[in-house]
Amino acid sequence: MALSCKTEKSFEEFMRRKTRWWCYVDDDMYVNIDVLVRLLSKYDSYSDVYLGRNSITFPWKHTWENEHVSAWFSTGGGYCISRALALKMDKYMSGGQLRAITGKLGTADDVTVGFIINFLLHTKLIATSLINTHLNLHRLNYLKPYEIPLQAMLSYRKGDKCVNITAEDVRNKSKFFNTDEDPSRFFTIHCMIHPQTDYCQE
């Protein structure tokens, strides 16, 4: 329930700011801002857009008002929602409503968000391979080094296999961090994308 509270507060802050997109990202994610902006530019924030990536191959089953229903959801590692869709979600998301619905469903916050969007608001999930989390069907260690700068979001979880990067993969004379210094590979990934960063200099 604590994560639902966090998600709800994040959504409420987004609604107050009146920006075009709400991107909810876990704190174990690396966000490639330039790629994410280009990705969002392909969609209309005045239309209903739910952009993310499903981590399972089937819709999640729920019991809602004594009926068995199902809905797709984007894994909570990272997803983006347009202003137009958020306006429709507001009555289900704000003022304790997300927590209440999560309690009724008995699910996690990301599953509840998908239920609200997919089932209650009849909006489909737009899946993109540019969002990668540790719960995805395609694990991070499947990515080739040259694909890393092309991703919008990357994630890491301790104990999981992470992106396999060697010193030879890090170009532009950027610093290569070994796995003891950088177990998540996020410092090394950042240096591959932004070699001009101070701590990336050799």
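Trainee: How many residues does the largest nonpolar core have, and which have the most contacts inside it?
Mentor: Keep in mind that this is a predicted model. Its largest nonpolar core has 29 residues, and Ile-81, Met-89 and Ile-116 have the most contacts inside it.
Trainee: Which elements each supply at least two residues of this core?
Mentor: Those are α1, β1, β5, β6, α3, α4 and α5. Helix α5 gives the most, with six residues.
Trainee: And what is Ile-116 in contact with, leaving aside its neighbours within four places in sequence?
Mentor: Ile-116 touches Met-89, Tyr-92, Met-93, Leu-98, Ile-101 and Leu-121. Apart from this core lies another one of twelve residues, including Val-35, Leu-36, Leu-51 and Met-153.
Trainee: Switching topic: how many salt bridges are there?
Mentor: The count comes to six. One of them pairs Arg-99 with Glu-8, with the closest N and O atoms 2.8 Å apart. Arg-99 sits in helix α4 and Glu-8 in helix α1, 91 residues apart.
Trainee: Is Glu-8 buried or exposed?
Mentor: Glu-8 is buried, at 0% relative accessible area, whereas Arg-99 is partly exposed at 30%.
Trainee: Where do Asp-48 and Lys-88 lie?
Mentor: Their side chains form a salt bridge at 2.6 Å, N to O. Asp-48 is in the loop between α2 and β3 and Lys-88 is in helix α3, so the pair ties together parts 40 residues apart in sequence.
Trainee: Which residues are linked in a network of salt bridges?
Mentor: That network links Glu-13, Arg-16 and Arg-17.

Key
Residues are numbered from 1 along each chain as its sequence is written. This is a predicted model: local features need pLDDT of at least 70, side-chain atom pairs count only at pLDDT 80 or more; totals for chains, interfaces and linings use all residues. Side-chain values use heavy atoms; hydrogens and water are left out. A nonpolar core is a set of buried Ala, Val, Leu, Ile, Met, Phe, Trp, Tyr and Cys residues joined through side-chain atoms within 4.5 Å. Buried means under 20% relative accessible area, exposed over 50%, partly exposed in between (1.4 Å probe, protein chains only). Helices (H or I, at least four residues) and strands (E, at least two) are DSSP runs, numbered from the N terminus. Contact means heavy atoms within 4.5 Å. A salt bridge is a side-chain nitrogen of Lys or Arg within 4 Å of a carboxyl oxygen of Asp or Glu.
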